[in-house]
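Here are my notes on this model, as promised. Please read them with the structure open.

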Amino acid sequence: MNAASPSATPPAKLASVMAARRTPEQVRARRTLVWREMLTSLWAPLCIVAIVLFPYTVLIEYVPTAASWAQPAMKGLGLLMVAYFAALLVWRNVSPKEKQLRRLRHEAHELISENERILQKPAVREKVSPAVAEQIAEQALKVEGASAAGDSDALVREVKALEALTTQHLGAFRKESAADFVGGFVKMLLVALVFRTFIVEPYRIPSGSMLPTLQIGDQVFINKFIYGVRVPFANVVPFVIVRPPGRGDVIVFNNPVNEATDYIKRVVGVPGDTVEMYDGVVHINGQPQARQLVDGEYIVHNITDSGQWYDQQEALYQENLSGVPHSVLQTPTRMPRHEGPYVVPEGHVFVMGDNRDNSSDSRHGLGVTGYGRTEFVPYGHIKGKAMVVWLSLGYQGLFHGLFGGTGLRLDRFFEPVR
């Protein structure tokens with residue numbers, strides 16, 4: 001190994017040396033290669049949808065009327081990305097040249113990254129001369145050039161040459177330490193946990209308690225930060241970020257009576273409210289909430305515990321809950337004459353399902369303590385506000401004949417949750 005003298009200048013980072021040596025033509029070729037690799041990755045369609053989905057979600061939350069044009073645009077983009085993904089999948093697997101180049105480029109990228117990772121360690125930089133780093137950088141640029149040119153033979157040849165240089169000069173440092181592996185894993189885990197805990201989390205609708213607003217099999221995104229940063233397991237929200245939960249919000253929460261289960265329901269009462277129902281009409285603090293009958297024989301599709309779909313006939317109403325219009329279902333023959341009063345304590349909300357007579361909600365002990373026992377949801381158990389349906393695997397979607405009546409519901413894509 002070429003050792004540096006104690007007074008020698010440590011070698012610059014490999015990326016810096018390569019950047020300094022690239023000609024304008026090499027810079028352009030590298031930029032083209034980077035864009036090509038990104039756009040031909042199977043992650044590309046998913047990333048495009050994810051990037052556009054964030055402003056879309058913000059738009060429909062704060063400008064609800066925009067959904068009339070934004071949702072069709074998002075559906076069109078979603079279908080285009082599905083076609084894009086399918087085309088990529090076919091092309092990447094039927095083209096022998098592309099398969100070979102993708103494998104070789106991956107090997108080249110991993111080898112250059114390994115050299116960069118080794119050379120940036122202080123202990124290695126003290127022992128390796130700048131001349132060695134220059135030599136490795138020069139060969140790495142040849143690998144990069146062959147990769148950008150799409151020349152398989154040249155890429156194989158240049159990768160072998162770089163492999164030989166790496167083994168000769170950095171062989172003693174090539175074995176990745178347990179600390180390196182654990183450190184990389186922990187970083188990825190932390191990023192995933194922070195994103196899921198504080199920003200956005202997916203949730204699948206498992207039952208018909210929120211019909212017709214949310215269909216069984218809908219996959220929704222939950223806004224985790226709108227109400228405040230919830231501390232997991234401690235079930236506390238130290239401070240509010242945007243606003244506290246409001247009437248009409250559809251929320252996902254950790255059931256305070258059975259913490260192994262998450263529920264999704266609509267907030268009907270906030271702290272200090274007195275909630276009552278007379279003949280199915282919600283009254284808040286003595287004020288009836290407007291509603292009108294839309295269809296007395298409305299059919300929705302529910303599912304049994306064994307996965308069998310069945311038709312459920314209910315009366316469909318349009319309800320306006322403190323300025324939040326939404327649809328609800330009720331069974332006229334089952335509606336109690338009077339329910340309540342339910343007085344909502346501080347730091348809690350009162351929730352109900354939109355499928356009013358088929359919902360284990362606050363009126364019925366959140367499905368655990370049973371009828372006659374009122375259970376409120378503490379703020380600290382609320383995971384977030386349901387914002388948008390990003391995928392739906394439900395009744396009579398695409399390919400439903402292959403999966404017992406369950407298929408891909410394109411009509412539900414990017415449906416705002418109201």
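The points below cover salt bridges, aromatic rings and one aspartate.

1. Basis. The model is predicted: local features need pLDDT of at least 70, side-chain atom pairs count only at pLDDT 80 or more, and totals for chains, interfaces and linings use all residues. Residues are numbered from 1 along each chain as its sequence is written, and side-chain values use heavy atoms, with hydrogens and water left out.

2. Salt bridges overall. The structure holds 24 salt bridges. The term means a side-chain nitrogen of Lys or Arg within 4 Å of a carboxyl oxygen of Asp or Glu. One network of such bridges links Arg36, Glu37, Glu98 and Arg105.

3. Arginine 21 and glutamate 138. Their side chains meet in a salt bridge, 2.6 Å from N to O. The pair links distant parts of the chain, 117 residues apart: arginine 21 is in helix α1 (residues 14-21) and glutamate 138 in helix α7 (residues 130-149). Helices here are DSSP runs of H or I with at least four residues, strands are runs of E with at least two, and both are numbered from the N terminus. Arginine 21 has 36% relative accessibility and counts as partly exposed. Glutamate 138 is partly exposed too, at 32%. For these labels, buried means under 20% relative accessible area, exposed means over 50%, and partly exposed is in between (1.4 Å probe, protein chains only).

4. Glutamate 61 and arginine 243. The closest N and O atoms of this salt bridge are 3.9 Å apart. Glutamate 61 lies in helix α3 (residues 43-62), arginine 243 in the loop between β2 (218-223) and β3 (250-254), so the bridge ties together parts 182 residues apart in sequence. Glutamate 61 is buried at 17% relative accessibility. Arginine 243 is partly exposed, at 26%.

5. Glutamate 201 and lysine 383. Here the closest N and O atoms of the salt bridge are 3.8 Å apart. Strand β1 (residues 200-204) holds glutamate 201 and strand β14 (residues 382-395) holds lysine 383, so parts 182 residues apart in sequence are tied together. Glutamate 201 is buried, with 7% relative accessibility. Lysine 383 is buried as well, at 16%.

6. Aromatic pairs. A search of the whole structure finds seven. Rings of Phe, Tyr and Trp (its six-membered ring) pair if their centres lie within 6.5 Å; planes under 30 degrees apart count as stacked, over 60 as edge-to-face and the rest as tilted. Tyrosine 342 and phenylalanine 350 are stacked, 4.7 Å centre to centre with 25° between the planes. Both residues are buried. Phenylalanine 413 and phenylalanine 414 have ring centres 6.0 Å apart and planes at 80°, so they are edge-to-face. Both of these are also buried. Ring pairs link Tyr56, Phe413 and Phe414 into a cluster.

7. A charge over a ring. Arginine 291 lies over the face of tyrosine 317, 3.8 Å from the ring centre. The criterion is NZ of Lys or CZ of Arg within 6 Å of the ring centre and within 35 degrees of the ring normal.

8. Aspartate 273. Where does aspartate 273 sit? Its place is the loop between β4 (262-269) and β5 (274-278). Aspartate 273 is buried, at 3% relative accessibility. Its side chain joins that of asparagine 285 in a polar contact of 3.1 Å. A polar contact is a pair of N or O atoms within 3.5 Å; within protein, one must be able to donate a hydrogen and the other to accept it, and residues adjacent in sequence count only if both atoms are side-chain atoms. Not counting residues up to four places away in sequence, aspartate 273 touches (heavy atoms within 4.5 Å) Arg247, Val268, Ile284, Asn285, Tyr342, Val343 and Val344.
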